[in-house]
Amino acid sequence: MATPPLFTPANPSVPQRTEAAEAQANIHVVCAEPSIANHFLAELRDKDVQKDSLRFRRNLQRLGEIIAYRISAHLSYTEQVIQTPLAETRGKLLHDFPILATVLRAGLPFHQGFLNYFDQSPSAFVAAYRIEGTAQVQVQVDYLSAPSLDERVLILADPMLATGKSLVQTYRAMLRFGTPRQVHIAAVIASPEGLAYVAREIPEANLWVAAIDEKLNEQAYIVPGLGDAGDLSYGSKL
């Protein structure tokens, strides 16, 4: 399977080589080539379609499934004898199911997409959020629950990779549960700045995104982005 271009910004005029490309070669852009993933992503962005929160959650889930499938090609399999009703044959079974981690609450429907494919995977959950109204983006991690990560494959999923600080801080907090042998970080939409930051701070990770957008604005939100994934999934918060 050919690896798609590292960067496909929403705005074609944006240069496709960025700091992230130099810092990390293991970046996979799912919507860089035509597929149904592009349709799901377009619906996620559409402010009229976003009025249907059920459809919004389902599209996040679908993109999680697609990225889970892509990641599955990089995992280990064991060949075993399988008995069908008619004869024996051989099949390749996943060697061990990855641990699936996500950031509450926006990550829940995206996480479910991964869980639909890796249905025997244990899960880890993190409550992390940005502290607004500060000169620089600060991240607070309030809750973390995870199984042992030692020598396991870890998939850390969060729909929006903006500055990348919450993902990096979440990953570092998870290391108290052990050191994984393989790390995959998945997002639906990433900014070039955030992708570069995560690639630099977690060089051992494979990074999977549906699309890379143009930039971060002055409030550190992704442009063109799609809005607040948590609010669109579950309703606005105070």
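Tutor: Start with a term. A salt bridge is a side-chain nitrogen of Lys or Arg within 4 Å of a carboxyl oxygen of Asp or Glu. Keep in mind that this is a predicted model.

Student: Which residue does Asp48 meet in a salt bridge, and at what N to O distance?

Tutor: The cut-off is 4 Å. The side chain of Asp48 pairs with that of Lys47, with N to O at 3.8 Å.

Student: Is Lys47 buried or exposed?

Tutor: Exposed means over 50% relative accessible area. Lys47 has 64% relative accessibility, so it counts as exposed.

Student: Which residues are linked with Lys47 in a network of salt bridges?

Tutor: Lys47 has a salt bridge with Asp48. The network joins Lys47 to Asp48 and Lys51.

Student: How many salt bridges does the structure hold?

Tutor: The pair Asp48 and Lys47 is one of them. The structure's total is eleven.

Student: How far apart in sequence are the parts tied together by Asp213 and Arg45?

Tutor: Their side chains meet in a salt bridge, 2.7 Å from N to O. Asp213 sits in the loop between strand 10 (205-212) and strand 11 (215-216), while Arg45 belongs to helix 2 (residues 36-45). The pair therefore ties together parts whose separation in sequence is 168 residues.

Student: Is Asp213 buried or exposed?

Tutor: Buried means under 20% relative accessible area. Asp213 has 0% relative accessibility, so it counts as buried.

Student: Which strands hold Arg90 and Glu79?

Tutor: Arg90 forms a salt bridge with Glu79, their closest N and O atoms being 2.7 Å apart. The pair ties together parts eleven residues apart in sequence, because Arg90 lies in strand 3 (residues 88-94) and Glu79 in strand 2 (residues 77-83).

Student: Are helix 3 and helix 4 parallel or oblique?

Tutor: The axes of helix 3 (residues 53-72) and helix 4 (residues 107-117) come within 7 Å. They cross at roughly 45°. That makes helix 3, relative to helix 4, oblique.

Student: Why is helix 5 largely enclosed by the rest of the structure?

Tutor: Helix 5 covers residues 165-174. Its buried residues include Leu167, Val168 and Tyr171.

Student: Which residues make the nonpolar surface patch?

Tutor: One of them is Tyr143, in strand 6 (residues 138-145). Tyr143 counts as partly exposed, at 46% relative accessibility. The patch is about 350 Å², made by Leu104, Leu108, Tyr143 and Tyr234.

Definitions and conventions
Residues numbered from 1 in each chain as written. Predicted model: local features only at pLDDT ≥ 70, side-chain atom pairs only at ≥ 80, totals over all residues. Heavy atoms only, no water. Patch = residues over 30% accessible without salt bridge, like charges linked within 9 Å, V, L, I, M, F, W, Y side chains within 5 Å. Areas by Shrake-Rupley, 256 points an atom, 1.4 Å probe, with all protein chains shown as cover. Helix = DSSP H or I, 4+ residues; strand = E, 2+ residues; numbered from the N terminus. Buried < 20%, exposed > 50% of the residue type's maximum accessible area, 1.4 Å probe, protein only. Axes fitted to C-alpha atoms, helices over the stretch in contact; angles between N-to-C directions. Parallel < 35°, antiparallel > 145°, perpendicular 65-115°, else oblique.
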